[in-house]
Each structure stands twice: as structure tokens, then as C-alpha cells.
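Please look over the sequence and the model, then read on by topic.

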Amino acid sequence: MKPRAIVFDAALTALWESVTELREQIKNGELWGEKTMNALDFQLIVGDLHFQNWEFNIGDMGEGFYLQVQFEAPDLASVGQNAAPEIQRGRKWYVSRHATRGEVIQTAFLAVKTAQEHELREQFTYRGRAIFGPHFDIGTLVAMCDADEFERRAPPESKAQSKPEESLS
């Protein structure tokens, strides 16, 4: 009879080999076909993603999964420009179980891009104010639109008026 430790090690080795084979199949695009993505498929794809020192959080959501970026940055919205870095999280992005590997990766890319745009909107200022900030109340924005206070250009002069008169002689 084998000692328990050896049986346990053999089980772990077999599991690791299965995970390694599955990872290679995912990398080579050999999975899916008619089958839907499971949590392990999703985890393996997301596990191969990298952007700076950001993390990609995942979990179950409805009939599929979610993907959410996490990174360290100052909380400019509540503390201001002198805020100390702290953990920030982007929105949760839904990923269907029917998504392809490429769609998962593109969703992760959009999650990073959107989170960076959010930070940009908080940090871009005019006269010390984040005029394109991402935290404005929607009702207030609608009221601004209703006030019809849009910046408009004067209509351009017509070409006939702007050209000097030419003599026909």
C-alpha cells in the first residue's frame, strides 16, 4: 500500500497536468466550438493578461462573468489633488459564457481604457476645476442642456462677401 503523501502528490500532479493542458488549449484557441466558457476557462484567459501593476478581478455575474480592473491611485474625487494613493476599482464588465477568447481580452482592454479615461477626466482641469469630470450628477447635466447655454461660432462669411472684387477689364 502506498503512503498517503505519495497518493496526494500524484493527484496534484495529475491536476496540474490537466490545468497545463487546458491552458495550452486556450492559448492555441482550441477550446469552445459549440461549448460555452466555464469559470476555469475565463480564469485562465484573464490570468494571462497584464497591464502595469493593475489587477483583473473576476467573478460570476448572472449567466456569465464579470471582469473588473483594480489599481492604486489617489482618490481625487473625494479627497482632492493631494490625496494619498489607495485602491481604486473600475466598473464591472459583463462577459457572456458564449464570449470568445478575443472578446474576453478586448473587454479587459476596454476596462483598462475606460478606467484610464476616468482618471484623465478627474485630473484634466480648467481654472482648477475638473470640467470633464466623471462624477457629475446626470440630472444637473440635463438641466445644463435644457438651459441652452451652448458655445456657438458665428456663421462663416460667404465666399462672395469675403473675396475682393475683381475687375473684368
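Helices (H or I, at least four residues) and strands (E, at least two) are DSSP runs, numbered from the N terminus. D148 sits in the loop between α4 and α5 (159-162). This is a predicted model: local features need pLDDT of at least 70, side-chain atom pairs count only at pLDDT 80 or more, and totals for chains, interfaces and linings use all residues. Residues are numbered from 1 along each chain as its sequence is written, and side-chain values use heavy atoms, with hydrogens and water left out.

**Overall make-up**

- The protein has five helices and four strands.
- Their order along the sequence is α-α-β-β-β-β-α-α-α.
- Of the 169 residues in the protein, 24% are buried. Buried means under 20% relative accessible area, exposed means over 50%, and partly exposed lies in between (1.4 Å probe, protein chains only).
- Contact means heavy atoms within 4.5 Å. Among contacts with a separation of 6 or more, 45% join residues 24 or more positions apart.

**Helix α2 against helix α3**

- Two packed helices are described by the angle between their axes and the distance between the axes.
- Helix α2 covers residues 39-47 and helix α3 covers residues 101-123. Their axes come within 10 Å and cross at roughly 55 degrees.
- That angle makes α2 oblique to α3. Angles under 35 degrees count as roughly parallel, over 145 as roughly antiparallel, 65 to 115 as roughly perpendicular, and the rest as oblique.
- Axes here are lines fitted to C-alpha atoms, for helices over the stretch in contact, and angles run from 0 to 180 degrees between N-to-C directions.
- The crossing of α2 and α3 is right-handed. A crossing is right-handed if the near helix is turned clockwise from the far one by less than a right angle, and left-handed if anticlockwise.
- On the α2 side, F42, I45 and V46 make the contact.

- N38 caps the N-terminal end of α2. A side-chain oxygen of N38 lies 2.9 Å from the backbone nitrogen of L40.
- A39 is in α2. A39 is partly exposed, at 40% relative accessible area.
- Leaving out residues up to four places away in sequence, A39 touches F65 and R97.
- A39 and G59 are 20 residues apart along the chain, and their C-alpha atoms are separated by 8.2 Å.
- The buried residues of α2 include D41, F42, L44, I45 and V46.

**Strand β2: G64 and Q70**

- G64 lies in strand β2, and Q70 has its place in β2 (residues 64-74).
- G64 is buried, at 0% relative accessibility.
- Residues up to four places away aside, G64 touches G59, Y94, V95 and R97.
- G64 and A99 are 35 residues apart in sequence and 9.2 Å apart in space, C-alpha to C-alpha.
- Q70 is buried too, with a relative accessible area of 11%.
- What does the side chain of Q70 make polar contacts with? One partner is the side chain of N57, at 2.8 Å. Another is the side chain of R89, at 3.3 Å.
- A polar contact is a pair of N or O atoms within 3.5 Å; within protein, one must be able to donate a hydrogen and the other to accept it, and residues adjacent in sequence count only if both atoms are side-chain atoms.
- Beyond its neighbours within four places in sequence, Q70 is in contact with W54, E55, N57, I87, Q88 and R89.

- D137 caps the N-terminal end of α4, with a side-chain oxygen 3.1 Å from the backbone nitrogen of G139.
- Most residues other than glycine have a negative phi.
- R127 has a positive phi, near 55 degrees. R127 is in the loop between α3 and α4 (138-146) and is exposed, at 70% relative accessibility.
- D148, which follows α4, also has a positive phi, near 55 degrees. D148 is partly exposed, at 45% relative accessibility.
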